[in-house]
Amino acid sequence: MQQNININTGLSDFMLIDRIVKAEKQAIHGQKTFSDSPAYLGIEALAQLGAFHVRYIRRFNCHAFLLKINHCQIPAHTKFNGEFELFGTLESRSTAAFSYTLLAKQNNIIKVKGEFLFSTVDYDHNFKKEKLKNHYQGLFSCLHNDSEKE
Amino acid sequence: MNAEILDKIKEILAVILDVEKQGITAETYIIRSLGAESIDLLEVAVSLNSEFKVNITENDIFLIRLREQITEAEEQGRDTGKYLAKTLPFLPRSRIDEILKDLDGGPVLKVKDIVCYIDRAIK
């Protein structure tokens with residue numbers, strides 16, 4: 001019997017990157033405008049940016065997910081408002097694991113910074129290639145093309 | 001065995017697995033004795049890449065496909081030791097023989113296996 005489960009995140013959507021400004025072999029740069037958002041969404045935005053970069057360098061041929069965050073600095077009791085620049089640098093990697101320094105800056109001041117560890121798995125019956133590859137490749141292209149037009 | 005490589009690997013394992021470096025030797029079992037889980041091994045892999053600047057393939061360095069490879073050798077009617085010497089070329093033959101006698105005890109991966117992998121990758 002199929003059952004639907006509704007989860008209310010309190011967000012209108014869960015894409016926390018507005019633009020991918022630049023994507024290179026070792027680094028990625030994105031942007032996000034927050035509106036009265038709790039600071040932990042800054043961490044989520046960085047996690048999304050890092051996972052996008054892992055997919056990008058693996059040519060969207062596998063599923064990527066966040067494994068662990070180390071040494072993350074985040075301001076206490078602060079709401080995020082306005083435009084943030086998001087930066088990711090691939091520090092080291094293996095076949096299946098990718099370690100990044102990811103940070104969010106506003107007005108050139110670092111607001112969140114951490115070491116993020118991602119891993120990949122091959123597409124299978126749980127992570128369906130036909131669905132996930134098209135979804136993330138299309139989304140990446142849309143976010144990246146959008147910034148190239150400006 | 002390369003003492004410098006061993007020392008750096010011990011440091012990495014101690015930090016990631018939150019254990020005393022002094023308690024780790026070349027003969028320590030990484031999964032069986034130190035309790036490393038798959039997520040820990042992924043973290044070890046990127047730390048090794050960062051420290052030694054060599055490509056790390058988890059399937060090889062952590063002997064992840066070892067039992068599959070043994071089955072493959074048996075199914076193909078091949079000598080298991082020789083087959084593993086080909087699939088895991090960084091391990092000395094004496095270590096492969098040791099592993100084959102140790103399979104019933106659980107995961108066989110030892111610190112010295114990682115040292116052998118890194119030593120070969122650097123060369």
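So, β6(A) gives the second largest pocket the largest share of its lining, 3 residues. This is a predicted model, by the way. That pocket has a volume of about 310 Å³, and 14 residues line it, with Ala96(A), Thr120(A), Val121(A), Asp122(A) and Asn59(B) closest to its centre. At least two lining residues each come from β3 and β6 of chain A and from α3 (58-61) of chain B. Sorted by class, the lining has 6 nonpolar, 5 polar and 3 charged residues.

Okay, on to the largest pocket. Its volume is about 410 Å³. Here we have 19 lining residues, and the ones nearest the centre are Glu115(A), Ile16(B), Glu43(B), Val46(B) and Ser47(B). Who supplies at least two residues each to this lining? From chain A, that's β3 (63-73), β4 (79-93) and β6 (109-121), and from chain B, α1 and α2.

α1, residues 3-17, and α2, residues 38-52, pack with their axes 10 Å apart, at an angle of about 140°. An angle over 145 would count as roughly antiparallel, so this pair is oblique. The crossing of α1(B) and α2(B) is right-handed. On the α1(B) side, the contact residues are Ile5(B), Lys8(B), Ile9(B), Ile12(B), Leu13(B), Ile16(B) and Leu17(B). α2(B) brings Asp40(B), Glu43(B), Val44(B), Ser47(B), Leu48(B), Glu51(B) and Phe52(B). By class, that contact has 9 nonpolar, 1 polar and 4 charged residues. And notice Ile16(B), Glu43(B) and Ser47(B): they're in this helix contact, and they're also among the residues nearest the centre of the largest pocket.

Notes
Residues are numbered from 1 along each chain as its sequence is written. Chains are lettered from A and ligands numbered from 1 in the order in which they are written. This is a predicted model: local features need pLDDT of at least 70, side-chain atom pairs count only at pLDDT 80 or more; totals for chains, interfaces and linings use all residues. Side-chain values use heavy atoms; hydrogens and water are left out. Axes are lines fitted to C-alpha atoms, for helices over the stretch in contact, and angles run from 0 to 180 degrees between N-to-C directions. Helices (H or I, at least four residues) and strands (E, at least two) are DSSP runs, numbered from the N terminus. Angles under 35 degrees count as roughly parallel, over 145 as roughly antiparallel, 65 to 115 as roughly perpendicular and the rest as oblique. A crossing is left-handed if the near helix is turned anticlockwise from the far one by less than a right angle, and right-handed if clockwise. Contact means heavy atoms within 4.5 Å. Ala, Val, Leu, Ile, Met, Phe, Trp, Tyr, Cys and Pro count as nonpolar, Asp, Glu, Lys and Arg as charged, and the others, Gly among them, as polar. On a 1 Å grid over the protein atoms alone, a cavity is a set of points where a 1.4 Å probe fits but cannot get out, and a pocket is an open set with protein on both sides within 12 Å along at least five of seven lines; lining residues have an atom within 4 Å of a point. Grid points are joined across faces, edges and corners, and a volume is the space filled by probe spheres set on the points.
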